[in-house]
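Let me put the model up on the screen and then walk you through a few parts of it.

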Amino acid sequence: MVVDENLNGYKAYGLMDTGSSASFNNEDTIPKLKVPVLACKGEKVSMASTSLRLSVKDQCIITLCLQGNEYKDITVSILPDLCSDIIGHDILKRNSSLQEIIGGEEGPLDICSVAAANIEPDQLFTHLSPNCKPISIKSHSHAASDLQLIDSEIQNLLKEGIVEKSVSPWHSQVMVVTSENHRCRMAVDYSQTINRYTELDAFPLPRIDYIVNKVASYKIYSRIDLRSAYYQVPIREEDNPYTAFEASGKHYQFTHVIVGIRNGVWHFNE
């Protein structure tokens, strides 16, 4: 939904993006607003394509007028090459509801606002071998660029509650891996710790021929891009210590399903 907006008296267009957690302005718009530009720490922003991340270098504080509503002292980040300004959840959540006029003959439909799903914590370590005992792996060294990525990722995970500080006797090591699209990401190597004692769960595998035949019977398809998919599924508190790892000389443990843990993919699909 693209709507008319007024930024400090300047008329522009804004995209109401219900999938964006924050609001952004095109860098070409900022000189027209005549507001001071504030430098920030270069935070990375994940775009709709998971392989694309942009760096936010500047921010500004504006007053936004939108359909009769005035939002004062709004902090927006500045990004290059946007097709329009983006109005995200930081602004949309200030309103009681968001309406889209379609023009149909029937009456309106009410839907709830976007909210986190209430998912019961999963029992990730159902079958551990009888001789299971804590293992502590020797600390690894990392390049300076890798350390910077690890520190940034840990801070984000702490902020989102995906990891927490740990005093567990288990001690795995963090590593930096490169995916097929050449994007670096942080991972934890559990091959020498808890994965050694975790037996594979006997989840049934779907038959590929059945899936192909079923999919071929449809004409219209849609795709849901679930960001950080495994992190959407919490695990039981008593299972957290098994996931403990070292990063930048400190000890953490996961509170949600993580990539690299044996049976993680099955528990996420379940």
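So, the cavity. E5, L7, S23, F24, N25, I62, L64, V76, D85, I86, I87 and I91 line the largest one. By cavity I mean, on a 1 Å grid over the protein atoms alone, a set of points where a 1.4 Å probe fits but cannot get out, and a lining residue has an atom within 4 Å of a point. This is a predicted model, and local features need pLDDT of at least 70, side-chain atom pairs count only at pLDDT 80 or more, while totals for chains, interfaces and linings use all residues. Two more bookkeeping points: residues are numbered from 1 along each chain as its sequence is written, and side-chain values use heavy atoms, with hydrogens and water left out.

How big is it? The volume of the largest cavity is about 50 Å³, where volume is the space filled by probe spheres set on the points, and grid points are joined across faces, edges and corners. With the threshold at 30 Å³ or more, the count is one cavity. Which elements give two or more residues to the lining? That would be strand 1 (2–7), strand 3 (24–26), strand 5 (53–66) and strand 7 (85–87). Strand 7 has the largest share, with three residues.

C65 and E5 sit 60 residues apart in sequence, yet their C-alpha atoms are 6.0 Å apart in space. Skipping neighbours within four places in sequence, the contacts of C65 are E5, N6 and E70, a contact being heavy atoms within 4.5 Å. C65 is partly exposed, at 29% relative accessibility. The cut-offs there: buried is under 20% relative accessible area, exposed is over 50%, and partly exposed is in between, with a 1.4 Å probe and protein chains only.

Zooming out for a second. The protein has five helices and twelve strands, and 32% of its 270 residues are buried. Take the contacts between residues at least 6 apart in sequence: 67% of them join residues at least 24 apart.

We have an open sheet of five strands in the order 8-12-11-9-10, and the pairing is mixed. Its edge strands are strand 8 (163–165) and strand 10, each pairing on one side only. On average, neighbouring strands in this sheet are turned by 45° against each other, direction ignored. Helix 3 (residues 144–160) packs on the sheet and touches strand 8, strand 9, strand 10, strand 11 and strand 12 (250–254), its direction making about 75° with that of strand 10. For those angles, axes are lines fitted to C-alpha atoms, for helices over the stretch in contact, and the range is 0 to 180 degrees between N-to-C directions.

So what does strand 9 do in there? Strand 9 (residues 172–178) runs parallel to strand 11 (residues 245–247), with two bridges joining them, and Q173 stands opposite E246. With strand 10 (residues 184–189), strand 9 pairs antiparallel over six bridges. Within that pairing, V174 has V188 as its bridge partner, and M175 has A187. Two strands pair, by the way, if DSSP finds at least two bridges between them.

Last topic, charges. Side chains of opposite charge can pair when their charged atoms come close. The rule is a side-chain nitrogen of Lys or Arg within 4 Å of a carboxyl oxygen of Asp or Glu, and the count comes to four salt bridges. Among them is R207 with D209, at 2.8 Å from N to O; R207 is exposed at 58%, and D209 is partly exposed at 35%. Then there's E70, one of the C65 contacts, whose salt bridge to K72 has its closest N and O atoms 3.8 Å apart. E70 is partly exposed at 49%, whereas K72 is exposed at 54%. R236 and E238 also meet in a salt bridge, at 3.3 Å. R236 is partly exposed at 25%, and E238 is partly exposed at 48%. Through shared partners, salt bridges join R236, E238 and D239 into one network.

How values were computed:
Helices (H or I, at least four residues) and strands (E, at least two) are DSSP runs, numbered from the N terminus. On a 1 Å grid over the protein atoms alone, a cavity is a set of points where a 1.4 Å probe fits but cannot get out, and a pocket is an open set with protein on both sides within 12 Å along at least five of seven lines; lining residues have an atom within 4 Å of a point.
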